[in-house]
Amino acid sequence: MRTAYSVETVRTAERALMARLPEGALMQRAAAGLAAACAELLGRVYGSRVVLLVGSGDNGGDALYAGARLARRGAGVAAVLLAPERAHAAGLAALLRAGGRVVGAGADTVGGAAAAAGVGAVEEAILRADLVVDGIVGIGGKGGLRPDAAQLAACAAESRAAVVAVDLPSGVDADTGEVHGDAVRADLTVTFGTHKPGLLIDPARAYAGSVRLVDIGLDGELPDEARLEALQHADVARLLPVPGAESDKYRRGVVGIAAGSARYPGAAVLAVSGALRGGAGAVRYVGPAGDAVISRFPETLVSDRGPKHAGRVQAWVVGPGAGDDASTVAEVLACDVPVLVDADGLRLADRDAVRARTAPTLMTPHAGEAAALLGVSRETVERARLTWVRELAARYGATVLLKGSTTLIADARGGAVRVNATGTPWLATAGSGDVLSGLAGSLLASGLSALDAGSAAAYLHGLAGRYAADGAPAGAHDVAAAIPEAWRDVRDATR
């Protein structure tokens with residue numbers, strides 16, 4: 001499992017560790033890991049051209065020390081000092097001793113040639129570079145880049161150089177994943193000690209490129225509960241229900257699907273398809289699309305008598321394609337079993353009724369649906385996904401799965417938010433969410449908590465989307481059909 005901690009927690013852990021280490025040892029660990037990652041990306045260090053974009057403070061110090069290591073291996077390393085008078089003195093001295101140089105406004109300050117000063121020299125160095133290291137702003141930075149830094153970031157983006165961010169791309173918010181203004185777009189981010197939330201959550205995640213975590217010894221100083229958790233194959237495999245020798249279809253769990261309408265019968269079919277592949281022993285369908293469901297999936301237990309008379313279930317899914325059927329939504333919410341609410345059900349569900357429930361509730365909105373429930377714009381939600389998924393969970397007293405390029409799952413009781421990035425843009429297709437709802441509902445019926453069911457379903461659904469599309473268009477029915485393949489891969493990875 002990948003975990004991410006807040007800036008405050010990371011800094012507290014670093015202070016505790018530094019108190020037990022020789023002065024500068026922690027920075028040297030970080031610089032060694034950064035230099036190794038840069039060397040691997042370059043392939044051939046000797047003769048390569050490296051430009052360091054150096055801000056004030058320790059982030060710039062990491063870049064300078066890493067640059068010194070690369071210079072000692074034969075790279076031509078040039079540092080651009082955005083604040084020469086506040087550059088990390090020891091790191092700068094190490095770079096110069098190793099044969100590195102300074103270009104731009106700081107060149108005269110440290111004894112460089114006056115002819116090297118000026119914006120033109122800096123731009124020329126960046127455009128000719130094989131590698132640009134972003135050490136402008138550390139994890140405490142707020143807001144977008146200042147104009148001079150933004151100009152350097154734009155130049156790096158226009159160059160042929162690979163861009164490596166130190167700990168976090170400059171200009172993104174480490175704690176929230178928000179991006180306010182200009183920011184560096186990295187090909188690789190080398191982060192130290194632990195992941196930061198901004199590396200796992202969009203929109204900031206898109207600026208990070210690939211992420212490499214360098215162990216600097218923080219594990220013993222970090223608390224047990226992280227701010228974010230990202231499940232991996234082994235974590236999901238432990239959650240997935242496995243039938244035993246004495247299992248039957250009822251012991252494995254029965255999920256009820258109350259979905260579809262005369263206008264949207266396909267939503268019912270797709271939700272049922274996801275549920276049938278989600279591990280429960282049986283699926284009961286209630287709604288006006290019974291004929292369409294039974295013709296496609298004859299194993300479904302179909303009823304037209306409403307949720308109360310459908311028979312015993314261990315969980316309900318309500319809302320996909322429901323239109324304006326508020327009475328069915330209210331009837332399902334009154335049931336004393338876990339309930340997943342999606343699509344039209346989110347609009348029709350009474351908030352007080354959701355908050356009054358004693359059994360778990362899982363809500364699965366996309367950003368637009370979440371925005372409508374919160375009374376804000378869709379853009380507001382997309383800019384600050386972590387903030388708003390927590391807020392929605394708190395308002396409804398429910399677990400909330402916020403769909404998107406990175407899916408976030410926030411528990412009603414607080415704690416670490418789960419983040420999932422297994423998805424693919426090809427999942428942005430009609431009906432994909434209906435499949436996810438059925439899959440998650442089936443996992444709820446098998447006995448998983450709302451947090452675990454949502455997390456495992458998002459993970460499997462994302463993998464299934466990748467397998468179904470494989471770089472080409474695919475429909476929601478293809479995604480549902482690929483769920484068993486995703487399930488097998490997750491299970492087999494732990495054998």
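How many aromatic pairs does a search of the whole structure find? The count is zero. Keep in mind that this is a predicted model. Now start selecting.

**Stop one: Arg185 and Tyr207.** Show both side chains. The charged end of Arg185 sits over the ring of Tyr207. From that charged end to the ring centre is 3.9 Å.

A disulfide needs two cysteine sulfur atoms within 2.5 Å. For Cys38, the nearest cysteine sulfur belongs to Cys155, and it is 18 Å away. Cys38 is therefore in no disulfide. Cys38 counts as buried because its relative accessibility is 1%, and the cut-off for buried is under 20%.

**Stop three: Leu53.** Select strand S2, residues 49–54, and find Leu53 there. Is Leu53 buried or exposed? Leu53 counts as buried, because its relative accessibility is 2%. Val80 is 27 residues from Leu53 along the chain, yet their C-alpha atoms are separated by 5.1 Å. Leu53 touches Val80 too. Its other contacts include Leu82, Ile126, Val132 and Leu152.

**Stop four: Thr406.** Go to the loop between strand S16 (399–402) and strand S17 (407–410). Thr406 is in that loop. Thr406 counts as buried, because its relative accessibility is 0%. Which residues does Thr406 touch? Among them are Leu200, Ile201, Asp202, Arg205 and Arg385. Val419, Asn420 and Ala421 are also touched by Thr406. Finish on Asp202. Its backbone nitrogen lies 3.2 Å from a polar atom of the Thr406 side chain.

Definitions and conventions:
Residues numbered from 1 in each chain as written. Predicted model: local features only at pLDDT ≥ 70, side-chain atom pairs only at ≥ 80, totals over all residues. Heavy atoms only, no water. Phe/Tyr/Trp six-rings, centres within 6.5 Å; stacked < 30°, edge-to-face > 60°. Lys NZ or Arg CZ within 6 Å of the ring centre and 35° of its normal. Buried < 20%, exposed > 50% of the residue type's maximum accessible area, 1.4 Å probe, protein only. Helix = DSSP H or I, 4+ residues; strand = E, 2+ residues; numbered from the N terminus. Polar contact = N/O pair within 3.5 Å; in protein donor to acceptor, adjacent residues only side chain to side chain. Contact = heavy atoms within 4.5 Å. Lists of a residue's contacts leave out its neighbours within four places in sequence.
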